[in-house]
Amino acid sequence: MVRGIHHVSMKCGTMEAFQEAKEFYCGILGLPVWREWPAGVLIDTGNGLIEIFSNGDDERRQGAVRHFALADTDVDSTVEKVRQAGYEILIEPKDISIGPEPGFPARIAFCADPLGEEIELFQER
């Protein structure tokens, strides 16, 4: 029986891209490394993992996944950290309500990671 998402996986085409991605998720976003091996790393998000491989080819491929969302306790502060690190903010922080009344309130923002992935920062209200 499926119980949730275990991990999201990405491949980097170069070791430089791998190091930059690892720094983004661990250094800027402050997520801890859960496991690491010569060709990759698993980063703990608190309720799932981000797996990054260093052994991809240099060709970028677009998949069907539009973005993935990271649960956040302070979207505005995280956006400022990402912005100060020089990464693009795709959608500035804003309040939303999901679904019919009564809606599910949240604060969201979107940014780009070093690999070009769209990351949603999602704060339940």
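Me: A salt bridge is a side-chain nitrogen of Lys or Arg within 4 Å of a carboxyl oxygen of Asp or Glu. How many salt bridges are there by this rule?

Reply: The count is six. This is a predicted model, in which local features need pLDDT of at least 70 and side-chain atom pairs count only at pLDDT 80 or more, while totals for chains, interfaces and linings use all residues. Residues are numbered from 1 along each chain as its sequence is written, and side-chain values use heavy atoms, with hydrogens and water left out.

Me: Which side chain meets K22 in a salt bridge?

Reply: Side chains of opposite charge can pair when their charged atoms come close. Here K22 pairs with E36, at 2.6 Å from N to O. K22 is in helix α1 and E36 in strand β2 (residues 33-37), so the bridge ties together parts 14 residues apart in sequence. Helices (H or I, at least four residues) and strands (E, at least two) are DSSP runs, numbered from the N terminus.

Me: Is K22 buried or exposed?

Reply: Buried means under 20% relative accessible area, exposed over 50%, and partly exposed in between (1.4 Å probe, protein chains only). K22 counts as buried because its relative accessibility is 19%. E36, at 45%, is partly exposed.

Me: What makes up the largest nonpolar core?

Reply: In soluble globular proteins, nonpolar side chains tend to be buried together. A nonpolar core is a set of buried Ala, Val, Leu, Ile, Met, Phe, Trp, Tyr and Cys residues joined through side-chain atoms within 4.5 Å. The largest one here has 27 residues, and those with the most contacts inside it include F24, Y25 and L29. Among the elements giving two or more residues to this core are α1 (15-28), α2 (75-84) and β7 (104-112). The largest share, seven residues, comes from α1. Contact means heavy atoms within 4.5 Å; leaving out residues up to four places away in sequence, L29 touches F24, L70, T78 and V82.

Me: How many aromatic pairs are there?

Reply: Rings of Phe, Tyr and Trp (its six-membered ring) pair if their centres lie within 6.5 Å; planes under 30 degrees apart are stacked, over 60 edge-to-face, and the rest tilted. A search of the whole structure finds four pairs. F24 and Y87 are edge-to-face, with centres 4.8 Å apart and 75 degrees between planes. F24 belongs to helix α1 and Y87 to the loop between α2 and β6, 63 residues apart. Both are buried. The F104 and F122 pair is stacked, because the planes are at 10 degrees, with centres 6.3 Å apart. F104 lies in strand β7 and F122 in strand β8, so the pair links parts 18 residues apart. F24, Y25 and Y87 form one aromatic cluster.
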